[in-house]
Amino acid sequence: MRILIWIGALLPIVYALLRFSAEFQPEWLHGFFMYLEHFVPLTLSKFPNDPLKFLTNLSGNSAFWLLALTLTFTPVRVFLKLNLIRYRRTAGLFSFFYVLIHAMLFIGIDQEFHIHGVIHEVVTKPFIAYGMGAFIIMLTMALTSSKKLFGMFRTWHRMVYIAVVLIVVHYLMSHKTITWDNIAMGGVLISLLVLRLIKR
């Protein structure tokens, strides 16, 4: 199971490498990807038009779905009597890994580590404030996720409920037009959150 989580969690990085190497791929490989695109709803043969936006969306979506996976383990144990809790930390840390990339793309690339610029964006754009709030919560959860520290900070880890709400709001507000697909994605996280609360 752990190896499956590792493979799944690293697939976004492989995908990014394929996209950024599109212009350097051998002709046979480029042709293979173009053929594959007829069957797989992914673009594999084109360099991203906007690399920053591509990486921001990829890291954000990857963090989103890995967080969903992390939230799945408790309902699966309660309702299906299948105990996979020992893999929850691995999935959670991978989720935070992509959250960290997502945040660093904004702070380091978009704002060039200009702290006043970051603060200005947080203050003037609510969806960034929600995202930054979730990042801070997940940062502290990742730092205290070791077996030794988790017992001391168990109560703090319940902040994941607030982080999930902040992430869903951040995700929905980041779109100029909210589609049913966006609502469905947000609904997945909220549903998993509700299932965790029901078991309590």
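Where does F113 lie in this structure? F113 lies in the loop between α4 and α5 (115-124), where the labels refer to helices, defined as DSSP runs of type H or I with at least four residues and numbered from the N terminus. The model is a predicted one, in which local features need pLDDT of at least 70 and side-chain atom pairs count only at pLDDT 80 or more, while totals for chains, interfaces and linings use all residues. Residues are numbered from 1 along each chain as its sequence is written, and side-chain values use heavy atoms, with hydrogens and water left out.

F113 has a phi near 55°, a positive value in a residue other than glycine. With a relative accessible area of 55%, F113 is exposed, a word that stands for over 50% relative accessible area, whereas buried means under 20% and partly exposed covers what is in between, computed with a 1.4 Å probe and protein chains only. A positive phi of about 55° is also found at K81, which is not a glycine either. K81 sits in the loop between α3 and α4 and, with a relative accessible area of 68%, is exposed.

A nonpolar patch of about 1100 Å² is formed by M1, I3, L4, W6, I7, L10, L11, I13, V14, L17, F97 and I101. A patch is built from residues with over 30% relative accessible area and no salt bridge, and nonpolar side chains (Val, Leu, Ile, Met, Phe, Trp, Tyr) are joined within 5 Å, while like charges are joined within 9 Å. The areas themselves come from the Shrake-Rupley method with a 1.4 Å probe, and for residues only the protein chains shown count as cover. Both α1 (2-20) and α4 (88-110) supply at least two residues of this patch, but α1 gives the most, with nine residues.

The next stop is helix α3 (residues 51-80), which holds S62. S62 is buried, since its relative accessible area is 8%, and, apart from neighbours within four places in sequence, S62 is in contact (heavy atoms within 4.5 Å) with P12 and Y98.

How do the helices pack against each other? The axes of α3 and α8 come within 12 Å and cross at roughly 145°, where an axis is a line fitted to C-alpha atoms, for helices over the stretch in contact, and the angle runs from 0 to 180 degrees between N-to-C directions. On the α3 side the contact is made by N61, F64, L67 and L71, and on the α8 side by V160, V164, I167 and Y171. Helix α8 (residues 160-173) also packs with helix α6 (residues 126-143), at an angle of about 150° and with the axes 8 Å apart. Among the residues that make this contact are F127, Y130, G131 and I137 of α6, together with V160, A163, I167 and H170 of α8.

Beyond α8 comes the loop between α8 and α9, where S174 is placed. S174 counts as partly exposed because its relative accessibility is 38%. S174 and G131 are 43 residues apart in sequence, yet 9.6 Å apart in space from C-alpha to C-alpha.

Helix α9 (residues 180-199) includes I183, which is partly exposed with a relative accessible area of 40%. Not counting residues up to four places away in sequence, I183 touches L172 and I178. L192 is found in helix α9 as well, but L192 is buried, with a relative accessible area of 11%. L192 and T74 are 118 residues apart in sequence and 9.2 Å apart in space, C-alpha to C-alpha, and the contacts of L192, leaving aside neighbours within four places in sequence, are A68, L71, T72 and P75.

A search of the whole structure finds one salt bridge, a term for a side-chain nitrogen of Lys or Arg within 4 Å of a carboxyl oxygen of Asp or Glu. The side chains of E121 and K125 meet in this salt bridge, at 2.9 Å from N to O. E121 is buried, with a relative accessible area of 13%, whereas K125, at 37% relative accessibility, counts as partly exposed.
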